[in-house]
Amino acid sequence: MEAFDLSLINWSRAQFALTAIYHWLFVPLTLGITFLIAIMETIYYKTGKEEWKKMTQFWMTVFGINFAIGVATGIILEFEFGTNWSYYSWFVGDIFGAPLAIEGIMAFFMESTFIAIMFFGWSKVSKGFHLTATWLTAVGSNLSALWILVANGWMQNPVGMQFNPETVRNEMVNFWDVLFNPNAINKFVHTLYSSYTLAALFVIGISAWYLLKNREHIFARKSIIVASIFGLIFSLATVYTGDESAREVAKSQPMKFAAMEGLYQGGTNAPLVAAGIMVNDNESDAIHNKKKLIASVEIPNMLSYMIYLKGGEFIPGIHDLVHGNEAFGIMSASEKIERGTVAKNTLNNYKLAVKEGNTAKADSLKAQFYDPAFTKDYFKYFGYSYFTNPHDLVPNVPLNFYSFHIMVALGFWFILLFTLTLWLSLKNRIADWRWLLRAAIISMPLAYVASEAGWLVAEFGRQPWIIQDLMPTMAAASNLNSNMVQATFWIFFLTFTVLLIAEIKIMTKQIKQGPNHGGH
Amino acid sequence: MEAKASILSRIYHFYLDGFRSMTLGKTLWLIIFIKLFIMFFVLKLFFFKDHLSQNTQNEHEKPAFVLDHLTQ
């Protein structure tokens, strides 16, 4: 670990995190609002009422602003893969490249074609053709997300590949295993449903502002009804898929799960912590930087039920995962480090054999990587070889704990909000509930907080891994000049801030003009 | 051939008329072009060079370069 420049790694991580967080400010709204627009246009298609056309066009303009400012920001992440994370990019090989290439092609052809018809085609194509283009824009943008999340799911739970020491790449051997990786599928649906929730909150928030200003009553109330139904369905679905996702994380990334729950000592009766405050636990030396929970609200024995749907099952804590727990078949981190070191030494011996021109030895060592027993017992732990201290395998527990709990708490608030806005809109009384309208406006940024918190859990919870168990983040970073990475970090920071201000200004101006302004 | 040309011409005019009639869209396209310029002509050219290509002579050297790093 000492061989790696931690300052460089931290700046590279900060830069990637900044780019990803910024990129993710735009993506969820695009994913969700396109479906809301498609639903509104479908109502217009069915009823022929102009008010629905006007609503469709207004939310399309909002979508257009968000899309224009956000488009192509994801490409910067791909630049960073090649420059800052070159060893990672090489090591993942076609597993990462193939989904990203499919995403790029789909995004370009589907979105660029159908978005053009959405915006330019109102008087040029038939109503049915226009509606089809709107639905295909929504489907296309969501399918683009699938490929990104398949790639990300593989980082969390690498499957369907075979490591080739000759190319030093993980080569895809089963496309379907990669595509239907349970981690990727759970992540995909959870991300989509939470993005639909965010888009619904966005529409409700802006509509609430109109009602507070005593403007656009019919437009606002109908927008709130559509968004509340949509939001309620998908916020409930987000809870369900979040539960599924947590089950998958508990099995494939138990350390991340323990950090999310703030669970240091595992057990068969582990409680579910609904809320709590983390403070330093100075009395413990079993885990470095250990925290303890104070003022916590806990549901006894609930974690076993949540993960295994029955009581009495053992849920490992951070202590179990670092020190091992023989009684429950949990291998210690030291044992994993030893096994990973065997895999790394084999790879090193292969390298030396190739350099010496000893083909027979090189072939024999290469064959070991194709032996399922060697993969299962040693190569699976390859990434652990970069660590000497098992305590370095523990992610930032407070960050994961708080991010996870903030996300969950906000999720339940959104369900309540959707229920209230739907009920009051149907009763045509929502304009009288001023505090609820204000709460709906405040909930717009909270939706982004929840969405970004979800990503923090996904990415910080995985640390210190960039590819779970196979490659630590420190081994993935290119040996660049740390000052250069810092410089680009600040360039990004400035550029992104200017773009964000531009978006907010344009969006605010458009919203103030209202749905009767027209024009794209 | 004529029908083909007609379809292409209709697509061309569809986009041309669409871009001409834009109001807010013109500002958004300007932002997109500025952003793409910064990304491809500033960041990519001056800052984001392919690290492996910079440190190797050709594609064949890349596996050995990565292997040296991973087994250090």
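Predicted model: local features only at pLDDT ≥ 70, side-chain atom pairs only at ≥ 80, totals over all residues.
The size of an interface is often given as the accessible area lost when the parts come together. Within the part that chain B buries against chain A, Phe14(B), Phe48(B) and Leu70(B) supply 18%, which is more than any other three residues. In terms of residues in contact, 37 of chain B meet 57 of chain A.

Polar interactions also cross the interface, where seven residue pairs of chain B and chain A are in polar contact, with both residues of a pair at pLDDT 80 or more. On the side of chain B that touches chain A, the elements giving two or more residues are helix H1 (2-20), helix H2 (24-47), helix H3 (51-55) and helix H4 (62-70) of chain B. H2(B) gives the most to this side, with 14 residues. By residue class, the side of chain B that touches chain A divides into 21 nonpolar, eight polar and eight charged residues.

Side chains of opposite charge can pair when their charged atoms come close. Over all chains, a search of the whole structure finds twelve salt bridges, and across the interface of chain B and chain A the rule finds three. One of these links Asp68(B) to Lys351(A), with the closest N and O atoms 3.2 Å apart. In another salt bridge, formed by Lys124(A) and Asp17(B), the closest N and O atoms are 3.5 Å apart. This pair crosses between chains, reaching from Lys124(A), in the loop between helix H5 (94-120) and helix H6 (127-156) of chain A, to Asp17(B) in helix H1 of chain B.

A nonpolar patch on the surface is formed by Ile75(A) together with Phe37(B), Phe40(B), Phe41(B), Leu45(B) and Phe46(B), and these residues have about 620 Å² of accessible area together. The largest share of the patch, five residues, comes from H2(B), the helix in which Phe40(B) is placed.

Two backbone features of chain A remain to be described. Most residues other than glycine have a negative phi, and most peptide bonds are trans. Asn214(A), although not a glycine, has a positive phi of about 60 degrees, and this residue lies in the loop between helix H8 (182-212) and helix H9 (217-252) of chain A. A cis peptide bond, with omega of about 10 degrees, joins Gln463(A) and Pro464(A), and Pro464(A) is found in the loop between helix H17 (434-460) and strand E5 (465-467) of chain A.

Technical notes
Residues numbered from 1 in each chain as written. Chains lettered and ligands numbered in written order. Heavy atoms only, no water. Contact = heavy atoms within 4.5 Å. Buried area = accessible area lost by both parts, 1.4 Å probe. Salt bridge = Lys/Arg side-chain N within 4 Å of Asp/Glu carboxyl O. Polar contact = N/O pair within 3.5 Å; in protein donor to acceptor, adjacent residues only side chain to side chain. Helix = DSSP H or I, 4+ residues; strand = E, 2+ residues; numbered from the N terminus. Nonpolar A, V, L, I, M, F, W, Y, C, P; charged D, E, K, R; others polar. Patch = residues over 30% accessible without salt bridge, like charges linked within 9 Å, V, L, I, M, F, W, Y side chains within 5 Å. Areas by Shrake-Rupley, 256 points an atom, 1.4 Å probe, with all protein chains shown as cover.
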